[in-house]
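Dear colleague,

I am passing on the structure below for your own reading. After it come my notes on what was found, chain by chain.

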Amino acid sequence: MSVLLRTEGVHKSYGGVRALDTCTIEVGEGTVAGLIGPNGSGKTTLFNVITGYAKADAGQVYLADRRITNIAPDKVFALGIGRTFQLTRIFPSLTVMENMLVASQHSRSGARKRAMEQLEFVGIAGYHASLAGTLSYGQRKLLELAYVLVADPTIVLLDEPAGGVNLSLVNQIAARIRELNAAGKTFLIVEHNMEFVMGLCHQVTVLDSGTVVATGPPDIVRTDRRVLDAYLGEDIEEAEEDSGEADDGASQ
Amino acid sequence: MASPKILSRFSGLTGLRLAGIVVLLAGALAFPVLFPNPVLTNYGVFALIFVAVASAWNFFSGFSGYISLGNAVFFGSGAYALGIAARDWHVTGIGVFALLPLSAAVGALIAVPFGLIALRVRRHTFIVITIAVFFIFQLMAYNFSFTGGTTGLDAPFLPWAAQTYNNPFYYIALGCAVGAIVLSWLIRRSRFGLQLRAIRDDEDRARGLGVRAMRVKLSAFVLSGAVTGLVGGVWFFYLTQVQPPSGFDPLFDLSVVLMAFLGGLGTVSGPVLGALIIEPGQLYLTANTNGYISEILLGSLFLVAVLLMPRGIIPTGGEYIRRLTTRGRAAIPAAVPASQRAPASPGLRSDEGATREGDAGEGEGEAGGARRQAGKAL
Amino acid sequence: MAREIYQAIVDGILVGGVYALMAVGLTLIFGVLDIINIAQGVMVILGAYLSYELAARLNLDLFLGLLITVPAMFVIGVVIQWAFIRPLRGRERTSMTLLVSYAVALIIEGILYQTFGADDRQLSAWYVTSSVHVFGFYLPYIYLFGFALAVVLVAALYVLLYRTGFGRSVRATMQDETAARLVGINISRVAAITFGIGVAVTAAGGMVYGATNSFNPNSGYDLISRLLAIIILGGLGSIGGALVASVFMITLESVVDIWQPEWAIVVFYAALVLVLLIRPTGFFGRKAIRAQ
């Protein structure tokens with residue numbers, strides 16, 4: 001299995017704060033990779049660096065064999081890397097369908113058809129004529145997922161796809177990811193929901209204070225000493241239980 | 001004469017809307033015939049000039065969210081360009097109208113460097129740059145000798161009868177206005193317009209999805225500049241003169257913004273309505289009261305509009321009407337699982353409806369109701 | 001020749017100080033409320049007229065008159081913010097507040113025209129027309145006093161911002177409104193008072209401006225365009241930036257004025273455009289100013 005996405009020794013500082021330190025990760029083609037770590041460990045920063053929203057101070061990012069360090073977000077997108085945001089970003093004054101069309105501008109003919117397909121896939125097709133600003137939080141997450149997918153990216157970076165939504169929706173999202181992965185799409189997922197990550201990912205990388213402390217299959221990683229330490233000594237199974245409970249009762 | 005059905009399918013407009021537009025157009029065409037009084041046609045000319053200007057302003061600023069307070073730069077430049085051309089090339093009589101494309105070209109040409117500088121910065125700064133460039137142009141008009149300094153420039157004399165002098169200008173202005181409206185409408189329903197509006201909502205995200213933001217913004221800006229410049233040229237010929245404070249009038253942009261805002265930013269008909277309300281009103285006030293009262297009134301009207309109808313007349317009115325007509329009925333069904341979903345085609349057609357102007361308000365009213373009902377589903 | 005240039009520089013610094021006073025208020029308002037108060041220019045003129053009336057009717061010395069005009073303008077500012085700016089919400093907030101402040105400017109300008117007419121006026125006092133002769137330079141007293149006033153007020157502003165609880169609230173709001181709200185800061189109060197302060201400062205600026213320039217209700221446009229250019233150059237929301245940019249721009253204009261008086265003001269704006277090309281956020285602007 002070849003490596004599709006790779007970062008090498010990435011450094012990123014904000015003022016005096018070192019957000020990423022010699023960060024090296026690998027995502028195998030056709031896999032679902034997880035990226036976990038305590039708050040502030042640099043996960044979203046790494047996403048920002050990969051997708052061009054932040055400039056790396058040092059280090060490289062590679063897509064297959066191609067170096068893509070520090071290129072602009074629209075070029076990153078054109079190369080086939082799709083990305084969602086922790087705080088869901090949609091276009092509120094456009095309708096759901098129009099949101100989809102912004103992303104699918106490359107394939108002109110049948111754009112609407114493809115957009116509709118994706119909307120059906122995530123389950124919000126009935127809202128296609130509604131203004132995106134009127135959608136609930138969960139629906140917006142689905143919309144964001146849909147419009148990232150409509151451009152048919154090679155690899156999809158998801159930033160907390162299960163954050164703040166109820167359990168049935170989390171399962172729905174996980175099922176979609178599995179479906180797409182079975183069809184060959186690669187995923188890199190940042191998540192705090194341990195159940196979600198462990199159940200879905202082939203490979204998990206753990207970040208702490210901007211560096212990689214462990215990487216490997218979920219079962220191995222979850223019992224790794226360094227990982228447990230990273231979570232401030234908290235038992236990782238406890239953390240799993242906590243986030244599972246919290247998500248059950250989460251409202252929008 | 002295209003049959004109503006074909007026209008309807010081509011434009012996406014149906015029934016009542018189409019009929020309404022045809023009626024309005026007919027009325028506008030007949031206006032000088034029905035009301036030949038030069039005082040009234042004068043109102044007409046100015047109103048139409050500002051319909052064009054407001055529409056042009058709106059299809060850039062309203063759609064992209066980059067509020068420009070410097071469109072007077074194009075207006076005045078168009079006027080001055082024609083004045084200079086007519087003087088230096090010794091053009092007189094009817095031939096002057098052949099120069100009009102020049103004013104559009106000048107507007108477009110100025111918009112390119114203007115836009116390249118101004119559109120690189122964020123919105124707050126953009127507004128201020130447009131103000132700064134405006135003042136630079138006004139000052140240049142005062143200081144350069146080829147612009148005639150404080151005296152300004154005169155337009156060539158047109159030997160037309162006083163009683164019907166306004167009428168050709170009326171129809172030219174009508175042409176400009178219709179052109180600007182059609183352009184605005186075409187932009188709004190195009191992919192280009194979609195990208196502009198996406199930029200307005202979240203420029204970074206739009207960029208991240210492949211939208212070439214600078215290219216899109218600059219194109220709209222240049223188009224806006226061209227139309228505004230053209231109308232500036234028309235205005236110059238009509239008034240037969242231009243000076244720095246009239247060609248580059250600080251109140252120009254504020255009035256235009258108010259017109260677009262009153263009618264509804266980001267809609268096609270909003271600026272039209274706003275211009276038709278405010279411009280005649282302003283003219284009337286300046287003619288019949290001392291100029292300062294009209295300033296106070298203009299400012300007050302604006303405050304009232306912003307505080308009571310922040311989205312503008314068209315969207316607010318549209319929502320109000322929709323609320324009246326859909327009272328008691330669920331507007332949009334709750335999200336239905338894919339397996340039980342109705343076939344796609346009805347959805348697609350009603351989606352075209354959603355991109356029509358004015359639907360921003362309507363859609364929100366509907367969806368708002370549906371959201372409240374269906375929000376609990378997820 | 002060199003002497004002329006030095007004199008121009010000295011003049012520029014002194015006058016720049018006064019502009020700093022007005023610009024600081026404007027940039028403070030932006031930093032806290034995230035709005036560009038277009039009415040600031042006409043407020044300066046209003047302050048000038050108020051000083052004029054006090055001097056004409058009550059024979060009050062101009063600086064003493066500030067004891068009345070500054071609080072008065074503060075109240076006016078608070079009222080305007082509370083009545084017209086606070087109610088604005090929604091995504092169009094930026095453009096709406098801009099237009100609202102422009103509308104307020106129009107109304108005030110119209111009222112000034114109605115009340116005072118269009119004639120030019122100028123404030124007068126013994127220190128307006130006389131100067132002190134130092135090292136071969138002429139330093140008009142009014143400029144010295146004005147500069148001193150500017151220094152005192154900006155210092156007071158610094159103390160307020162960095163040494164008081166209220167100032168802390170203001171700075172917190174400037175950094176992150178949501179977080180400030182979460183720690184219990186009353187944003188509405190902070191906003192209203194900050195706006196009041198930003199406007200009150202213009203009363204002082206207005207007095208000095210009115211003493212050193214002839215003015216009429218229309219003078220607000222020229223002023224606000226300069227002030228806007230200054231705060232953009234200095235970086236929106238940066239008080240230090242406003243100070244530096246004021247002195248820099250005014251001095252630049254003052255020097256260019258020696259050779260080409262008509263073009264001095266164009267250089268003013270051209271400098272703005274040039275700097276923005278190189279550094280889009282101004283001298284001291286924060287990189288990502290605010291999510292728009």
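I begin with chain C, where, among the contacts with a separation of 6 or more, 77% are between residues 24 or more positions apart. Please keep in mind throughout that this is a predicted model. Chain C has 12 helices and two strands, and along the sequence these elements follow the pattern α-α-α-α-α-β-β-α-α-α-α-α-α-α. Its radius of gyration is 19 Å, close to the 19 Å that the globule rule gives for 292 residues, so chain C is as compact as a globular protein of that length. Along the principal axes, the C-alpha atoms of chain C fill a box of roughly 60 × 50 × 35 Å, and 51% of the 292 residues count as buried.

Chain B has 378 residues, of which 53% are buried, and its secondary structure comes to 16 helices and two strands. In this chain, residues 24 or more positions apart account for 80% of the contacts with a separation of 6 or more.

Where chains B and C meet, 34 residues of chain B are in contact with 39 residues of chain C. On the side of chain B that touches chain C, helix 6 (123–143), helix 11 (250–263) and helix 13 (291–308) each supply at least two residues, and helix 6 of chain B gives the most, with 12 residues. The residues on that side of chain B divide into 25 nonpolar, five polar and four charged.

As for confidence, the mean pLDDT of chain B is 79, with 82% of its residues at 70 or more. Within chain B, confidence is highest in helix 9 (residues 213–239), at a mean of 95, and lowest in helix 15 (residues 344–354), at 31. Over residues 331–378 of chain B, pLDDT stays under 50, although the model has 91 contacts beyond four places in sequence for them. Where pLDDT is low, the predicted coordinates should not be read in detail.

Finally, in chain A, strand 1 (residues 3–14) and strand 2 (residues 17–28) run antiparallel and are joined by eight bridges, with A:Val3 standing opposite A:Gly28 of strand 2. The hairpin that these strands form has two residues between them, and A:Gly15 takes a positive phi near 60° there.

With best regards

How values were computed:
Residues numbered from 1 in each chain as written. Chains lettered and ligands numbered in written order. Predicted model: local features only at pLDDT ≥ 70, side-chain atom pairs only at ≥ 80, totals over all residues. pLDDT = per-residue confidence, 0-100. Helix = DSSP H or I, 4+ residues; strand = E, 2+ residues; numbered from the N terminus. Contact = placed C-beta atoms within 7 Å. Pairing = 2+ DSSP bridges. Buried ≥ 20, exposed ≤ 12 C-beta atoms within 10 Å, placed from the backbone. Nonpolar A, V, L, I, M, F, W, Y, C, P; charged D, E, K, R; others polar. Rg over C-alpha atoms; globule rule 2.2 N^0.38 Å.
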